[in-house]
Number of protein chains: 2
Amino acid sequence: MRTEVCERFGIEFPLFAFSHCRDVVAAVTNAGGFGVLGAVAYTPARLEEELRWIDDHVGGRPYGVDVLVPGKIDMAGVRPRMGDGESTAAERAGRGEGGLDTMLAAVPEEHWTFLAGLFEKYEVPLPDFEKAKKTRDAESMGAQVTKEGATALIDVSLAHPIGLIASALGTPPPVMVEKAKAAGVPVAALVGTAEHARRQVAAGVDLIVAQGGEAGGHTGEISTMVLVPEVVDTVAPIPVLAAGGIATGRQMAASMALGAAGVWCGSVWLTTEEAETPPHVKAKMIAAGSRDTIRSRSRTGKPARQLKSAWTDEWEGPASPGSLGMPLQMIVAEGAMRQINKVAESGNEGARELANYFVGQCVGLMNTVKPARQVVYDMIEEFAGAVDRLNTITEAD
Amino acid sequence: MRTEVCERFGIEFPLFAFSHCRDVVAAVTNAGGFGVLGAVAYTPARLEEELRWIDDHVGGRPYGVDVLVPGKIDMAGVRPRMGDGESTAAERAGRGEGGLDTMLAAVPEEHWTFLAGLFEKYEVPLPDFEKAKKTRDAESMGAQVTKEGATALIDVSLAHPIGLIASALGTPPPVMVEKAKAAGVPVAALVGTAEHARRQVAAGVDLIVAQGGEAGGHTGEISTMVLVPEVVDTVAPIPVLAAGGIATGRQMAASMALGAAGVWCGSVWLTTEEAETPPHVKAKMIAAGSRDTIRSRSRTGKPARQLKSAWTDEWEGPASPGSLGMPLQMIVAEGAMRQINKVAESGNEGARELANYFVGQCVGLMNTVKPARQVVYDMIEEFAGAVDRLNTITEAD
C-alpha cells in the first residue's frame, strides 16, 4: 500500500501494533507493519534491554515506544484521617511527594483487607503484601506511574533509533514533546474524544490515535465508528489512526473508509504465539465472546476494558470498597495479579477464576493462536478482499 | 449500486431508514433507499392512516413497517404488597392479564410521586395524571406494548403493499413470522449480539439488523465495529444490515467493508426537515456532541440510548426510585414526556432541560438540518468518495 503514513513512517502497511512484548513488536515491524512497545511495565534498565533486543532483531526497520505519563495523582477513595500516619502519607501522595513509598502508605487499609478477603474466598495463597510492597516488583509497578519514572523511560527510548513515541493516556507533557522533537521523533497520542484530539494537536502531537470505547485498556465511551470520522474532521490534516475493537482486515478497511490513515491494534496480539500473555488468560481470550469484557476501574483506577472475571465481579460487586484512583489502585491490583497469575499457572482454580487482562470487545473475533506475522498477513489479505468487495458494488453502476 | 439486497428489495441504495415520521419514510423511499415506519407509537387506526398516506406518496416504491412486539411484562421495581388493590393489579399485570388498566394500576405510587416532584422542581405544570391515565393518549401509549396491540399493528401493516416487516426488540413471535410469510413479506429483526442473531434466523427472520451499542434507542453494549463482522460470520448467507452510530456515507462504506449488505439508520432522520422531532429537541441534537448521550432505562424500562438531559440525570440520580421494567416505565415516562414537550414548546425553561429523545452517538455528526432526500444523496456521494479513497490506497501497489 502507498499512503502518506506508509511513506512517512517507512512501512508497507499502515498497521500499528501496540504490545508489551518485544517479540510481537519485532514480528510486526519485520512483517511490514509498525510495532510499538508498551513501556509502562518496565524499569528504565529493563526497557533498555528490551529496546536493545528489538534493535538487534528488526534490521533497522521502524518501531516505536509507548509511555504512560501520569497526570496528577488521583486520590479518589482515599479519605485522609488527620493526625495519623496514613493521613500524612495520603496528603503527601496527593501532592505527588515522596514517590512510591508514600503512595503505598496512602492506600487505605480497607483495600488491603478486601484483597486479603478475596484471596481467602478464592483459596489463593495470600502473598506477603508487606514484603511485596518492598520488593523490586513493587518498585517496577510503581516507578512508571511517577513523572520521574516516565521521564526516565522517555530518555531511554529516545536513545534508540525509534520512529515514534506515543503517550498512552492524556496529553503528552511538554517534556515528552520537547525531547522527541529535539530527537526528530514524531509524537503520537491516544484520544477518546474529539475535544481531546484538539488539545493533543495543540500540544504538538504529530499522529492521533482515535480509540473507541470498545478498545481494551483505558478507554472512553464513544465508539470507533463514531469517534474516527469525528476526530478526522476535527484535526485534519493531522493523520489519524483508528483504534478500538480492530482485529481483522475487514475492520482495517472499515477504519480507512471512515477516513483513518491506518489502524492501531492492541488486543489482537495478546493471543499470538509470541505474546507473553499467561496461558490461562490466553485460553480465556480464545474462548471469550465479544460480551465477555467490562469497562472497570479495578485494575488501574481509571476505566479500562478487560476480560470479565471473578476479579471484576468482586471489585464491581456490593462488598467492594470501590476502586481507588490511579495510580493507587494500580499498586493494589498489580501485585495481587502477579500472585494470581503465578498461582493460576500451577493450576489453582480460584486464581484462574480471578485472572483477567485488558482486552477489547474484538476478543470475540480472536479465536485461534497464530504467529504475529501471520496476523499481519491475514489482515492485509482480508483488507484487500474488503476493498475488492466494495468495488464490485460500485463498479456495477 | 447493484447488491443482492438492492435486487431483492427493489431499491437503488442499500440504505434503510427507520423513522416514526411518514414524511421521512416516503422521502427516503422516493430517493432510492428503503423507508421503514416505526409503528410503536400508533394505534391500529392511526397506523392505517399513516400507511395509506405513504401508499399515496411513494408511487409503488418499496417501504416497510417496524413493530415492537413485547415479550413478557417486566415487573422489575414493582413490589406487590399482598392484600391491597395495587398488589392485585401488579400480580395480574405480571401475568399479562387485564391490559392497560391493570398495568396502570401496577405502577407503584412512589414513581408517580417522584414524577410529580420532578415537575415541581423544574417548574413544569403538573399534568392531570389521573385524567392522562384515562385518555386516548394513554391508551395509544399502552396499546402497542401488549401482545394484542402488536398483533393488530401487524395485521394493519400486512394489508398494505409493504416490502418488509421488522421486529424492533427481541425475536419476532411465531404469529408475526407466520403472517408475514403467508403475505410473502420478508421479516427483519434487530439484534445486539451474535447469539441473538442465531436465534432470530432460527425463528425464520430473512434480514438481520446488527445494531451496535452506540445506536439510539434500545441497544446492547457491543459496538458496531465488532458486532457487524461477528454477526455476518454467524448468520451467513443471511444478509446483515449494519446499524448503530451510522449517519454518513463514510460510515456506510465502513459498514459494507465489515461485510454488511447495507445500513439501517435511525438517528440521522431526527434532524431532517421532515422529522416531527419537537423543535427544542431538534435544536439540542444539532448542538450535541457524541458524548451527550446516555444508555438509560428511564424512558422505556429497557436500556435505551438517548440525549442526556435533566430527565436522565434525575432518573439515574440518587433520589430516583429507579426505573420500572418495560412497559410500566414507558407508561410512566411517555405521558410525562408529552407534557414536557408541550410545555417546552411554549418556552418553559425547566421543560427544555428535561426534554430529550432517543438518539445514537452519531448525534455528534448531525450538525445541520436538511431534507431527508438530501441526507440520502449526501450519504451516497460520500460512500462513493470513501470507496474511491480506498482504491487509491490499493491501486498504487
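Q: How are H3(B) and H9(B) oriented to each other?
A: In this predicted model, H3(B) and H9(B) are roughly parallel, because their angle falls in that class (under 35 degrees is roughly parallel, over 145 roughly antiparallel, 65 to 115 roughly perpendicular, the rest oblique). Helix H3 of chain B covers residues 44-58 and helix H9 of chain B residues 147-158; they pack at about 25°, with axes 9 Å apart. The axes are lines fitted to C-alpha atoms, for helices over the stretch in contact, and angles run from 0 to 180 degrees between N-to-C directions.

Q: Ground rules for the numbering and cut-offs?
A: Residues count from 1 along each chain as its sequence is written, and chains are lettered from A and ligands numbered from 1 in the order written. Local features need pLDDT of at least 70, side-chain atom pairs count only at pLDDT 80 or more, totals for chains, interfaces and linings use all residues, and side-chain values use heavy atoms, with hydrogens and water left out.

Q: OK, chain A. How many helices and strands?
A: Chain A has 18 helices and 11 strands, taken as DSSP runs numbered from the N terminus (helices H or I, at least four residues; strands E, at least two). Of its 397 residues, 61% count as buried, where buried is under 20% relative accessible area, exposed over 50% and partly exposed in between, with a 1.4 Å probe and protein chains only.

Q: Which residues of H2 in chain A are buried?
A: Within helix H2 (residues 22-30), A:Val24, A:Val25, A:Ala26, A:Ala27, A:Val28 and A:Thr29 are buried. They pack against strands E1, E2 and E3 and helices H3 and H18 of chain A. Just after H2(A), A:Gly32 has a positive phi of about 110°.

Q: How do H2(A) and H18(A) cross?
A: Their axes come within 8 Å and cross at roughly 40°, so H2(A) and H18(A) are oblique to each other. The contact involves A:Val24, A:Ala27 and A:Val28 on H2(A), and A:Ala372, A:Arg373 and A:Val376 on H18(A). It counts 5 nonpolar, no polar and 1 charged residues.

Q: Switching to B:Val187: buried or exposed?
A: Buried, at a relative accessible area of 0%. B:Val187 sits in strand E5 (residues 187-191) of chain B.

Q: What does B:Val187 touch?
A: Leaving out residues up to four places away in sequence, its contacts include B:Leu164, B:Pro172, B:Met176 and B:Val205. B:Val187 and B:Val205 are 18 residues apart in sequence, with C-alpha atoms 5.2 Å apart.

Q: What rotation superposes chain B on chain A?
A: One of 180°, with 0.0 Å of shift along its axis and an RMSD of 0.0 Å. The two copies are thus related as by a two-fold rotation axis. The superposition is by least squares on C-alpha atoms of residues with pLDDT of at least 70 in both.

Q: Which residue of chain B comes closest to the rotation axis?
A: B:Ala254, whose C-alpha is 1.9 Å from it.

Definitions and conventions: Contact = heavy atoms within 4.5 Å. Nonpolar A, V, L, I, M, F, W, Y, C, P; charged D, E, K, R; others polar.
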